[in-house]
Amino acid sequence: MGFDLKSMTTPNSNTNDSTLYDFNLDTVLAKEATGALPIAAAMMPDSSKYYVSNYLGHTTSVMCGPVNIIPGCVPGKKIKDIDLLLNGNYDPVGGAITGPIGALPIQTPVSP
């Protein structure tokens, strides 16, 4: 939920996307592809961005929030994916792990 309770985002695990709702306009602002099996979403306290955990994709999608604080950001559109597994610390061919890695994200904690 947005800070003002006028917007909400959902992870849609059956369609591998996320929906951003606007309750003022009573409409869907955006439905954007995220990653494999999105299971959690969390919004920044100022509603500028929200994050979606893609469980089987080992990524967290960073999405534009309903409050347009970031220049050029379109509400509900993906900014980027944060790859939790292939972050330079894991060699998928050899299997070597040289530092911290993440996989199977379940929760999406956000903070300012």
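Because its relative accessibility is 59%, Leu-5 counts as exposed. Exposed denotes over 50% relative accessible area, buried under 20%, and partly exposed in between (1.4 Å probe, protein chains only).

Together with Met-1 and Phe-23, Leu-5 forms a nonpolar surface patch of about 320 Å² accessible area. Patch residues have over 30% relative accessible area and no salt bridge, with nonpolar side chains (Val, Leu, Ile, Met, Phe, Trp, Tyr) joined within 5 Å and like charges within 9 Å. A salt bridge is a side-chain nitrogen of Lys or Arg within 4 Å of a carboxyl oxygen of Asp or Glu.

## Basis of the model

The model is predicted: local features need pLDDT of at least 70 and side-chain atom pairs pLDDT 80 or more, while totals for chains, interfaces and linings use all residues. Residues are numbered from 1 along each chain as its sequence is written, and side-chain values use heavy atoms, leaving out hydrogens and water.

## Overall architecture

The protein contains seven strands and zero helices, in the order β-β-β-β-β-β-β from the N terminus. Its C-alpha trace spans about 50 × 30 × 25 Å along the principal axes.

Of the 112 residues, 34% are buried. The protein exposes about 6200 Å², of which carbon and sulfur atoms supply 57%; accessible areas follow the Shrake-Rupley method with a 1.4 Å probe, and for residues only the protein chains shown count as cover. Among contacts (heavy atoms within 4.5 Å) between residues at least 6 apart in sequence, 34% join residues at least 24 apart.

## Ser-18 in strand 2

Ser-18 lies in strand 2, residues 17-22, and is buried, since its relative accessible area is 0%. Its side chain makes a polar contact of 3.1 Å with the side chain of Thr-9. A polar atom of the Ser-18 side chain also lies 2.9 Å from the backbone oxygen of Thr-10. A polar contact is a pair of N or O atoms within 3.5 Å; within protein, one must be able to donate a hydrogen and the other to accept it, and residues adjacent in sequence count only if both atoms are side-chain atoms.

Beyond four places in sequence, the residues that Ser-18 touches include Ala-30, Tyr-50 and Val-52.

## Ala-42 in strand 4

Ala-42 is situated in strand 4, residues 38-43, and counts as buried because its relative accessibility is 16%. Leaving aside residues up to four places away in sequence, Ala-42 touches Tyr-50, Tyr-51, Thr-108 and Val-110. Ala-30 is twelve residues from Ala-42 in sequence, and their C-alpha atoms are 16 Å apart.

Note on methods. Helix = DSSP H or I, 4+ residues; strand = E, 2+ residues; numbered from the N terminus.
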